[in-house]
Amino acid sequence: HWRQVAIAQALLAQGDYEEAAEALDTAEADSPDNAVIHYFRGLLRLEQVEQAYQWYDAMGPADTQYVSYGPDVVPNSRAMYRYTARVELQKAIRFADSVKLDQPLTPNYWYSTMALGPTVGDLLIATGAENFEARAHNILGKLLLEEGALDQAERHMDAAAGAGMFISFNYVDLIEEYEVRGYHLDAARVCAKAVGQGLDEDAARLRALANLRLLSGW
């Protein structure tokens, strides 16, 4: 299944989404709870968003998700591709702890006692997925922010930042959304998180103060 993951990543990079989907399906048949498979399928669904037609029965983020959920058919609208991308990225996070980076990819007898064979960690580095859990949090933060689920978005951003990931201007965008909705205390709170993540310390302090003034009616 790890071979199929590598093949899927290469096909995804080439824009061959149908073949990439088949490789991921083959991999999942052997390892259904493999977090990396779900991570790459989430990326695949996001790529397919750009190719899909947007129907008008778009489904927004849900607070409740059934663990057994799995679409029986390939979604064919942007909203459904985005939805299934969220589902897959959430699965990647849920199963992340089961990925053993030191797991060998080849039988030990292929190598002498003086050599080490490739591991799952090596494969993740080669495919750009070495920090897939934090990346999944970061992507989910952006998706949920765009869909207006600000509390959920902030939790995922915090998880990504806590893992040492630079999340670009996601916190700044979140501040703006809180300000637009009149949630000035939340906006001021997030300003502290945005230091080094789109705002410098002085800019964050001034923006937080402006929001606190609006909150108190100064």
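This is a short tour of the structure, stop by stop.

**Before you start.** The model is predicted: local features need pLDDT of at least 70, side-chain atom pairs count only at pLDDT 80 or more, and totals for chains, interfaces and linings use all residues. Residues are numbered from 1 along each chain as its sequence is written, and side-chain values use heavy atoms, with hydrogens and water left out.

**Whole chain.** Show the cartoon. You will see 10 helices and 0 strands. Helices here are DSSP runs (H or I, at least four residues), strands are E runs of at least two, and numbering starts at the N terminus. Of the 218 residues, 41% are buried. Buried means under 20% relative accessible area, exposed over 50%, and partly exposed in between (1.4 Å probe, protein chains only). The chain exposes about 12,200 Å², with 53% supplied by carbon and sulfur atoms; the areas come from the Shrake-Rupley method with a 1.4 Å probe.

**Stop 1: the largest nonpolar core.** Select Val 36, Tyr 39, Phe 40, Leu 124 and Phe 132. These residues have the most contacts inside the largest nonpolar core, which has 32 residues. Such a core is a set of buried Ala, Val, Leu, Ile, Met, Phe, Trp, Tyr and Cys residues joined through side-chain atoms within 4.5 Å. Helices H1 (2-13), H2 (17-30), H3 (35-49), H4 (78-94), H5 (120-126) and H6 each supply at least two of its residues. H3 gives the largest share, 7 residues.

Zoom in on Tyr 39. Beyond its neighbours within four places in sequence, Tyr 39 is in contact (heavy atoms within 4.5 Å) with residues including Glu 88, Leu 89, Phe 132 and Arg 135.

**Stop 2: the other core.** Another core, of 23 residues, lies apart from the largest one. Select Leu 145, Ala 149, Ile 167 and Leu 199, which are among its members.

**Stop 3: helix H8.** Select residues 170-180. The buried ones are Asn 170, Tyr 171, Val 172, Leu 174, Ile 175 and Tyr 178. Their cover includes H6 (132-146), H7 (150-162), H9 (184-193) and H10 (201-216). Step just past H8 to Gly 182, which takes a positive phi of about 80°.

**Stop 4: helix H9.** Select His 184, Ala 187, Ala 188, Val 190 and Cys 191, the buried residues of H9. Look down the axis: they fall within an arc of 165°, so they line one face of the helix. That arc is taken from the directions from the helix axis to the C-beta atoms. H7, H8 and H10 are among the elements covering them. Turn to the face away from this buried side, where Leu 185 and Ala 192 are exposed.
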